[in-house]
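This report concerns the structure shown below.

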Amino acid sequence: MVSVETVIYVIVFLPFFGAIGALLLFRYLGEQIAYFCASIALVCFLGVLRLGTILKNSGPMQTTVPWIPAFDIAMRFYIDGLALLIALLASGVGILIFVFSRGYMHGESKLQRYYIILLIFMGSMIGIAFAGDLIVLFVFWELTSLSSFGLIGHYTESRSARYAARKSMLITVGGGLFLLVGFLLLGTSMNSYNLVWLLNHSTAVQKTLKSKNIYTIVVLLIGIGAAAKSAQFPLHIWLPNAMEAPTPVSAFLHSATMVKAGVYLVGRFRPILLNDAQIWTFTFAILGIVTMTVMAALAVVATDIKELLAYSTASHLGLIIAAFGFGSAVGGETGSLHILNHAAFKATLFLVAGIVAHQTGTRNLNDLSGLYKDLPITAGIATIAAFGMAGVPPFNGFYSKELFFEATVEFATHNRPIMWLFPFFAVIGSIFTFLYSIRFAGMFYGKKPEELGNIYRPSKSMLLPAGLLTLAVLVLSFIPQVITNIIVQHVFHSISLTPSHHMSVHLPTKLSPAVIMSLITIGVGVLLYPQYQRIQSVINTILSIRYITVDWWYERFIFGINHVSGIVTPIIHNGLLRTYAFWIVGATTVISLVAYILTGIDIPQFTGITITIPLLLILLVAIGAVMAIMIAPSHIAGVMTLSILGFMIAIFYILVSAPDLALTQLVVETLTFIIFLLVLDRLPAYYGDIPPGRAFRDGILSISVGALVFTTVLLATKAQPADKIADYFIKFSVPKGGGGNIVNVILVDFRALDTLGEISVIAMAGISILTLIAMRTGSEQP
Amino acid sequence: MSTVITRTTARVVVPIIFLTAIALLLQGHNKPGGGFIAGVLTSTGFGLLYLVYSIDFVEETVLGGSISKEFQHLQNSIVADYRIIFGLGLLLSLVSGIVPILFGLPFLSQTVVFIKHVPIYHELELASAVIFDLGVYFVVVGALLSIISVVGAE
């Protein structure tokens with residue numbers, strides 16, 4: 001019998017090892033690597049199912065491996081219903097996507113990279129779902145952003161793909177940084193990054209955060225992180241561009257899994273942070289409902305089938321976020337159910353879009369029509385999934401939409417009348433959803449235009465995954481209660497404050513407000529559909545005012561930054577070493593001095609000085625050497641005089657009995673001297689007169705650097721801790737380190753890790769210099 | 001720089017430099033010295049040779065490498081050897097850190113063994129830290145020599 005821990009670790013880490021395997025096996029397997037990846041996803045999927053049965057019998061499970069105990073950070077994994085659902089989607093849809101890729105990516109280049117990143121993504125997504133620690137969650141969170149970046153930019157030669165990849169990277173990783181700050185605030189104020197602990201102490205968490213006045217900030221920061229990842233308004237702009245990725249990627253990352261990470265986050269923190277102060281509700285319900293409506297409207301005007309699906313995805317995620325925003329039980333039910341429903345029909349539709357684009361060569365909705373004769377199976381699949389998306393009974397989207405209407409009505413009745421805007425916008429958004437869903441399915445019907453020519457049937461490896469997903473849609477449509485009992489109920493438990501509540505999903509039996517809203521949605525949708533183009537032109541007219549589009553602001557911002565750095569860079573980095581040095585040294589000095597002044601340092605009293613005659617002599621010679629450098633007639637003379645200074649320092653070390661330092665100083669001094677001699681003949685003998693302005697500037701800089709170093713030395717030597725660390729080293733150098741040279745024992749034993757880091761830096765410096773010189777083009781710049 | 005005086009001096013001094021460097025490396029655990037100092041000193045010796053005898057002479061005649069004229073500073077077989085040296089050094093230090101883990105000790109633990117009754121030396125100390133130090137030595141030598149030879153070839 002395999003222990004639960006082993007199963008968890010296998011599920012999380014197998015995809016990463018699989019990525020290494022794919023790297024090694026690709027040359028033998030070629031395109032068949034798709035099936036290797038699919039089998040890895042299958043193992044994860046089976047593992048998740050195994051955990052599901054354990055969850056059913058004995059409740060949530062957790063594991064811990066210590067990582068940074070001092071901060072209570074650990075490699076924790078926590079598995080409950082919500083985690084399992086997300087992992088189930090990642091691995092289950094993963095299997096189908098790998099199989100689909102076999103057909104879709106046939107004959108393309110860079111397949112090795114494609115499959116490796118896809119596997120890494122799958123592992124990170126499962127990692128997000130299973131993470132039981134804020135820091136672990138964050139690490140996996142950023143890993144998904146990174147892999148998304150690589151996959152969106154898959155067609156590296158395409159300019160728009162590179163633009164899209166950068167855009168998604170900027171927004172999702174930027175959002176991730178907000179999230180990190182939120183996590184750190186939460187973690188430091190509670191002294192714990194343990195998610196399970198936070199889940200069990202939600203009242204204490206809220207109380208502490210409120211007493212520190214950071215509750216709102218934490219909610220907002222987590223909200224920004226979630227919004228960036230789940231493409232919520234106004235951070236949605238990366239998602240339509242992300243459709244540059246190969247379609248299997250869009251189906252996997254940008255509809256079924258990665259964009260669900262934000263939703264997952266909101267669901268995960270819902271029981272911790274949701275309270276009656278309404279900040280949570282306002283943040284997420286408003287964010288969600290605005291996104292839902294705006295994105296649905298944008299999907300209506302989309303002409304590219306993948307773009308339509310992208311906006312639609314953002315809109316549906318908005319629905320889930322809004323549902324999680326409501327504190328009521330039915331709100332939680334909506335979100336839990338819709339995560340599953342949306343993944344099922346949206347992944348199906350993306351695969352349909354992939355098949356259509358692959359077989360016809362176009363993604364433009366205006367060119368596509370009457371495809372059912374050539375692609376009959378695909379047409380059936382698309383119709384079922386589109387009805388699910390539209391929320392037409394009895395297809396699966398209907399149930400979650402009903403629950404959502406119910407949640408908005410319930411919220412509105414218990415609050416001020418203005419809250420009736422929620423049900424209102426829910427209906428508006430749903431009408432748009434209905435319209436674009438029918439429009440999407442519409443490309444299979446009607447008359448086939450001549451230009452499309454012959455369309456061949458898709459390969460089995462493309463049709464099979466889409467068919468299996470349709471089966472999932474049908475199961476969710478016709479026996480929703482069974483699925484609810486198996487999965488959704490557990491998801492609801494993990495995101496809910498009232499876990500005892502029992503969910504029931506069925507077709508409505510009596511006329512409730514929600515049923516009336518559904519009737520309005522479908523009725524108005526059917527009435528408006530003939531006017532589709534008129535609606536499009538109205539929305540397009542609004543969008544033609546470019547100031548209201550987020551994209552316009554994004555472009556302005558990015559090009560603005562480019563412009564500013566175009567101005568600043570030539571000033572700081574003008575190719576002259578002395579300019580670089582001026583800015584680097586100057587900035588360091590100014591920042592440090594300002595920091596000293598702001599923190600209010602006090603310089604120790606001058607208490608007289610004791611100096612021996614040999615020391616005095618050495619220092620005088622050193623000062624003399626410094627003076628001599630300034631008037632040195634040639635470079636060689638200057639370098640030699642500089643060496644005098646270095647050797648004086650070495651003698652100084654000997655006098656204060658630090659032989660190791662002295663030795664180091666001596667050899668380094670010698671080596672520097674030799675290197676100087678090697679490069680000296682390359683330098684011009686005479687630089688010309690220095691203009692007085694620059695001499696003055698450099699003088700000021702030198703004096704301030706000197707002042708800074710002087711102050712720092714004074715401050716650093718002032719503090720004398722009672723329990724000196726030197727005593728420890730002296731005491732234990734021989735017994736523990738086995739060496740009489742304390743400096744060396746510190747280097748190789750007590751602080752060996754630091755040394756290891758330092759030699760890595762030395763090696764890196766060597767490689768950098770080799771690379772820099774190798775990369776230089778032949779022409780010598782004066 | 002290549003005069004009779006410098007050539008003669010270098011011929012006498014360089015072997016002494018290398019010998020001193022090795023001595024510093026080995027005695028470093030108990031007396032002044034250590035991998036870093038020894039590495040820098042070794043590089044200094046090479047630097048001196050480059051300066052006096054020119055890089056081509058050292059690498060072709062003394063070390064027996066061949067120099068291809070294109071991308072001289074990179075294709076140079078010796079420079080590639082230097083890169084191997086610091087990769088090797090890094091590996092050596094890492095391995096010397098990982099070995100203790102196999103014995104259930106923390107990463108980078110060091111130990112020491114004294115061997116008594118050895119002829120001439122009477123007592124010989126074998127410190128595992130020397131292996132780590134040797135890694136440091138190789139990294140320093142490899143990196144510095146790469147830099148010197150590349151810069152020198154320019």
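In this predicted model, the lining of the largest cavity draws its largest share, three residues, from α21(A). Two helices of chain A, α17 (396-413) and α21 (513-528), each supply at least two residues of this lining. The residues that line the largest cavity are A:A390, A:G391, A:K401, A:F405, A:S518, A:T521 and A:I522. By class, the lining of the largest cavity consists of three nonpolar, three polar and one charged residues. The space in the largest cavity amounts to about 40 Å³, and the count of cavities of 30 Å³ or more comes to one.

**The second largest pocket**

The second largest pocket holds about 820 Å³ of space. Its lining is made up of 29 residues, and those nearest the centre of the pocket are A:F45, A:L49, A:L88, A:L340 and A:I487. Five helices of chain A give two or more residues to this lining, namely α2 (33-58), α3 (81-104), α15 (329-360), α19 (460-478) and α20 (480-495). Of the contributing elements, α3(A) gives the most, with nine residues. The lining of the second largest pocket divides by class into 23 nonpolar, five polar and one charged residues.

**Helix packing**

Two packed helices are described by the angle between their axes and the distance between the axes.

| Helix pair | Angle between axes | Distance between axes |
|---|---|---|
| α25(A) and α26(A) | about 165° | 9 Å |
| α9(A) and α12(A) | about 160° | 7 Å |
| α12(A) and α15(A) | roughly 155° | within 12 Å |

Helix α25 of chain A spans residues 613-630, and helix α26 of chain A spans residues 635-655. Angles over 145 degrees count as roughly antiparallel, and α25(A) and α26(A) are therefore roughly antiparallel to each other. The crossing in which α25(A) passes α26(A) is left-handed. On the side of α25(A), the contact involves A:P614, A:L615, A:I618, A:V621, A:A622, A:A625, A:V626, A:A628 and A:I629. These residues meet A:G638, A:T641, A:L642, A:I644, A:L645, A:M648, A:I651, A:F652 and A:L655 in α26(A). The contact of α25(A) with α26(A) comprises 16 nonpolar and two polar residues, and no charged residues.

Helix α9 of chain A covers residues 215-229, and helix α12 of chain A covers residues 260-273. The angle of about 160° between their axes makes α9(A) roughly antiparallel to α12(A). From α9(A), the residues in contact are A:Y215, A:V218, A:V219, A:I222, A:A226 and A:K229, while α12(A) provides A:A261, A:G262, A:L265, A:V266, A:F269 and A:L273. By class, the contact of α9(A) with α12(A) has ten nonpolar, one polar and one charged residues.

Helix α12(A) also packs with α15(A), their axes crossing at roughly 155°. This angle makes α12(A) roughly antiparallel to α15(A). The passage of α12(A) across α15(A) is a left-handed crossing. Here A:K260, A:V263 and A:R270 in α12(A) meet A:G331, A:G332, A:I339, A:H342 and A:A343 in α15(A). The contact of α12(A) with α15(A) contains three nonpolar, three polar and two charged residues. Helix α15 of chain A is also one of the elements that give two or more residues to the lining of the second largest pocket.

**Backbone geometry**

Most residues other than glycine have a negative phi, and most peptide bonds are trans.

Residue A:P394 is located in the loop between α16 (376-390) and α17 of chain A.

Residue A:N213 is not a glycine, yet has a positive phi of about 60°. The position of A:N213 is in the loop between α8 (202-211) and α9 of chain A.

Definitions and conventions:
Residues numbered from 1 in each chain as written. Chains lettered and ligands numbered in written order. Predicted model: local features only at pLDDT ≥ 70, side-chain atom pairs only at ≥ 80, totals over all residues. Heavy atoms only, no water. 1 Å grid on protein atoms, 1.4 Å probe; cavity = no way out; pocket = protein on both sides within 12 Å on 5 of 7 lines; lining within 4 Å. Points joined across faces, edges and corners; volume = space filled by probe spheres on them. Helix = DSSP H or I, 4+ residues; strand = E, 2+ residues; numbered from the N terminus. Nonpolar A, V, L, I, M, F, W, Y, C, P; charged D, E, K, R; others polar. Axes fitted to C-alpha atoms, helices over the stretch in contact; angles between N-to-C directions. Parallel < 35°, antiparallel > 145°, perpendicular 65-115°, else oblique. Left-handed = near helix turned anticlockwise from the far one by under 90°. Contact = heavy atoms within 4.5 Å.
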